[in-house]
Amino acid sequence: MKLDGTGAVVLGGARGIGKAYCEALLQKKAKVVCADVLEEVGAAVEKELKAKYGDENFVFRKCNGADETQIKDLLKFVQSHFGRLDIVVNNVGIVDEKNWQTVMDLNLGTTVRITNATLELIGKDKGGKGGVLVHTASNGGLIPAFFAPLYCATKAAMVQYTRSWAHKINFDAHGIRMFTICPRMTDTDFLKQNADPSRVIKLDVLLKVMDLSDKNQMLKPSAVGDALIKGLEDDSLNGVALQLLTDEPRVVFADQDSLIVTRESVKTGEAQAAMKKS
C-alpha cells in the first residue's frame, strides 16, 4: 500500500505507541485522525502535530473504545473528513490483573468492536473498497509473562481473532488486510503507569529480573511506529503478527493460509501435513 494521501485513524493515539503511529503515518504523508479518551493530552498532541504536519493532515477526536456507537461514528467521521478511510489502527488497551472483566472488555472487546465497525464501513462485501486494519497486541500474546496472565490472555485472543478474520476465505469477501503488532516492553507512560502492584502480580519478582527505569532495556515507541509502516507497505502481510523483540520486526504465522482444511484434504493427509509444517 502506498501511504501518501491515504486516510487513517489511530484509536488510543494520544501518547506512547499510539502517538508514534500517528507520526509515522504523517511522515509518509497520510492524513490522520488521532482518537483517544485522554482529551487534554489529545488536544496538546493535536496542536503539536498540526504545527509540524499541517492543519489539513491531522485532527484529534475524543473516542471511548468501550462504546460501539462512538467507534462507528469515529470511522464515519474519518471517511467524511478526508473523503476516504483506508487504514484503521487499534492501540486501545489496559493492564489490570485484579479486574478481569474490565480488561477482557477493553482489550478484546474493543478489538471486536473496531473490527466489526471497520468490516461494516469499508468491507468490499458491504460496498466498501477494503483497506487495512491493525491491532496492537503484545509480545505477551505470543509468549507468556508471569506478571500479567490476564493481559497475555487478551492479547493472545487478539492475535487469533485477527488471524481468523484475515484468513483467505474471509479476506476474499471483505478485502481488508489485517495484522497485529506484538512489541515487547516499550518505554512509554503506559508501562510506567502499569508497573504497580495493584495492576500486575509478582511485581517484586519482575523488578529483580528487569530494571524498568533502564531505557536501554526497552523498545522505543518509534520502533513500533516503524513496524506499522513496514506492515502497511507490504501487501503480502495478512493475518501475521509482527513480533518486536528488537527494532526489526519478525513475521510470525506467515503461512496461515496453508491451514485450509477440507474433507478432501483430510482424506489425503494434506491438512495434517500442512499443520505439522506450520
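# Notebook: sheet, helices and rings

I started at Ile-181, which stands opposite Leu-242 in β7. Before going on, I noted that this is a predicted model: local features need pLDDT of at least 70, side-chain atom pairs count only at pLDDT 80 or more, and totals for chains, interfaces and linings use all residues. I also noted that residues are numbered from 1 along each chain as its sequence is written, and that side-chain values use heavy atoms, with hydrogens and water left out.

**Entry: strand β7**

I looked up the terms. Strands (E, at least two residues) and helices (H or I, at least four) are DSSP runs, numbered from the N terminus. Two strands pair if DSSP finds at least two bridges between them.

Strand β6 (residues 176–183) pairs with β7 in the parallel sense, over 4 bridges. On to β8 (residues 250–252): 3 bridges join β7 to this strand, and the two run antiparallel. Here Leu-242 has Val-251 in β8 as its bridge partner. β7 and β8 form a hairpin, with 5 residues between them.

Are the faces of β7 covered or open? Both faces of β7 (residues 241–244) are covered. Ala-241 and Gln-243 are buried on one side, Leu-242 and Leu-244 on the other. Buried means under 20% relative accessible area, exposed means over 50%, and partly exposed lies in between (1.4 Å probe, protein chains only). I recalled the rule that side chains in a regular strand alternate between the two faces of the sheet.

**Entry: the whole sheet**

I traced the strand order: β3-β2-β1-β4-β5-β6-β7-β8, an open sheet of 8 strands with mixed pairing. Which strands stand at the edges? They are β3 (58–62) and β8; each has a single partner strand, so one side of each is left without a neighbour in the sheet. Neighbouring strands are turned by 20° against each other on average, direction ignored.

I then checked β1 (residues 7–11) and β2 (residues 31–36): 5 bridges join them, and they run parallel. Leu-11 has Ala-35 in β2 as its bridge partner. Helix α4 (residues 100–122) packs on the sheet and touches β1, β4 (87–90), β5 (131–136) and β6. Contact means heavy atoms within 4.5 Å. The direction of α4 makes about 175° with that of β5. Axes are lines fitted to C-alpha atoms, for helices over the stretch in contact, and angles run from 0 to 180 degrees between N-to-C directions.

**Entry: Gly-42**

Gly-42 lies in helix α2 (residues 39–53). With 0% relative accessibility, Gly-42 counts as buried. Leaving aside neighbours within four places in sequence, Gly-42 is in contact with Ala-14 and Phe-60. Gly-12 is 30 residues away along the chain, and its C-alpha atom is separated from that of Gly-42 by 9.6 Å.

**Entry: rings**

How many aromatic pairs does a search of the whole structure find? It finds 1. Phe-146 and Phe-147 form this pair, edge-to-face, with 5.3 Å centre to centre and 90° between the planes. Rings of Phe, Tyr and Trp (its six-membered ring) pair if their centres lie within 6.5 Å; planes under 30 degrees apart count as stacked, over 60 as edge-to-face and the rest as tilted. Phe-146 counts as partly exposed, at 40% relative accessibility. Phe-147 is buried, at 17%.

I also found the charged end of Arg-163 over the ring of Phe-253, 3.9 Å from its centre. The rule: NZ of Lys or CZ of Arg is within 6 Å of the ring centre and within 35 degrees of the ring normal.
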